[in-house]
Amino acid sequence: MIAFDFEYYRPESIQETIEIFQKLDQKKKKVCFFSGGTEFITFARVHQVHADAVIDLKGIPECTALEGKENDLIFGASVHLNQLIEANLFPLLSQNLRNIADHTSRNKITLGGNLNSRLMYREGMLPLLVADAKVTMYGIEGHETHPITQVFGKQSSLKHGQFLTQISIDGSFAKMPYLAIKRTRISKIGYPIVSIAALVKDEKLRIAFSGICEYPFRSRKIEDILNDKGLPVHERIDKAVSCIPGPMIDDRHASGQYRKFVLQNVLEEAMEFLEG
């Protein structure tokens, strides 16, 4: 049960959304945008989030787009994970999303919700990182499109009143060899100890990680090491692990040392994929 009252709005256009936000903001009300609402409900129930008003983005056509357009693939921020899996426009993304939550939850969780998650894992971001995705946001100052790394790094950099509408990638990434691996403590739908998404472009491995540091990441330095065929595979893996860009997570799911061990094994699988 949510212990506070809030106003609910479901606009049908970007312009209407902006107008609603401006009116609420002028009244000094705390506004929350959501796509699926699963995380808002979860955290509101345990008093970790509060809002005076909620603006649901699922009624906006741009936020529910799912299509191939010219040479790009377009994913609306309010598209549910199962919709993305079934459409399979980007096979690496589909394989990656199958490992997030259970089937029922994936009918509610959206891509935008996953990218904006308060949780550190944000696994849906990994295929988008290796595919050089771009994200489009709208707000009071109009719309902006930026590389995903500029908006969703260690934390979201969305501005006040700004909301995510679409994510796009070059359609050629859908045809490249790919691999997604997730290792958890118990079941495949738990929080990741290590999760990776990888593909091969121009005979070079691209790889992104979650569950290792307190944020998902892609490291060009690590990729350069793993692609250095002048070194034996085990040396590449050892060097790559030593270049992780932050402290390894050490929590109740797994110690930092165990995560390192699992990461080394996962990278061995990825390298077999690359060499193959």
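This is a predicted model: local features need pLDDT of at least 70, side-chain atom pairs count only at pLDDT 80 or more; totals for chains, interfaces and linings use all residues.
Residues are numbered from 1 along each chain as its sequence is written, and side-chain values use heavy atoms, with hydrogens and water left out.

Helices (H or I, at least four residues) and strands (E, at least two) are DSSP runs numbered from the N terminus. Two strands are taken as paired if DSSP finds at least two bridges between them. An open sheet of five strands was found, with the order β4-β5-β8-β6-β7 and antiparallel pairing. Its edges are formed by β4 and by β7 (142–147), each of which pairs on one side only. On average, and with direction ignored, neighbouring strands of this sheet are turned by 20° against each other. Axes here are lines fitted to C-alpha atoms, for helices over the stretch in contact, and angles run from 0 to 180 degrees between N-to-C directions. Helix α1 (residues 14–26) packs on the sheet and touches β6 and β8 (163–170), contact being defined as heavy atoms within 4.5 Å. The direction of α1 makes about 145° with that of β8.

E67 has I74 of β5 as its bridge partner, and G68 stands opposite L73 in β5. The two strands form a hairpin with two residues between them. E70 is found in the loop between β4 and β5 and has a positive phi of about 55°. Accessibility was classed by relative accessible area as buried (under 20%), exposed (over 50%) or partly exposed (in between), using a 1.4 Å probe and protein chains only. E70 counts as exposed because its relative accessibility is 81%. The C-alpha atoms of E70 and A131 are separated by 17 Å, the two residues being 61 residues apart along the chain.

In helix α2 (residues 38–45), the buried residues are F40, F43 and A44. Seen down the axis of α2, these residues fall within an arc of 105°, so they line one face of the helix; the arc is that of the directions from the helix axis to the C-beta atoms. The elements that cover the buried residues of α2 include β2 (31–34) and β3 (53–56).

Side chains of opposite charge can pair when their charged atoms come close. A salt bridge was counted where a side-chain nitrogen of Lys or Arg lies within 4 Å of a carboxyl oxygen of Asp or Glu, and this rule gives 11 salt bridges. One of them links K58 with D56, whose closest N and O atoms are 2.8 Å apart. Within this pair, D56 is buried at 2% relative accessibility, while K58 is partly exposed at 21%.

A salt bridge with an N to O distance of 3.8 Å is formed by the side chains of D132 and R220. Because D132 lies in the loop between α7 (125–130) and β6 (134–139) and R220 in helix α9 (residues 220–226), the pair ties together parts that are 88 residues apart in sequence. D132 is partly exposed, with a relative accessibility of 37%.

In the salt bridge between E269 and R183, the closest N and O atoms are 2.5 Å apart. This pair ties together parts that are 86 residues apart in sequence, because E269 lies in helix α11 (residues 256–275) and R183 in strand β9 (residues 178–184). Both ends are partly exposed, E269 at 34% relative accessibility and R183 at 33%. Salt bridges that share partners also join D132, R206, R218, R220 and E223 into one network.

A search of the whole structure for disulfides (cysteine sulfur atoms within 2.5 Å) found zero. The sulfur of C32 is 14 Å from the closest cysteine sulfur, that of C63, which is too far for a bond. C32 counts as buried at 19% relative accessibility, and C63 is buried with a relative accessible area of 0%.
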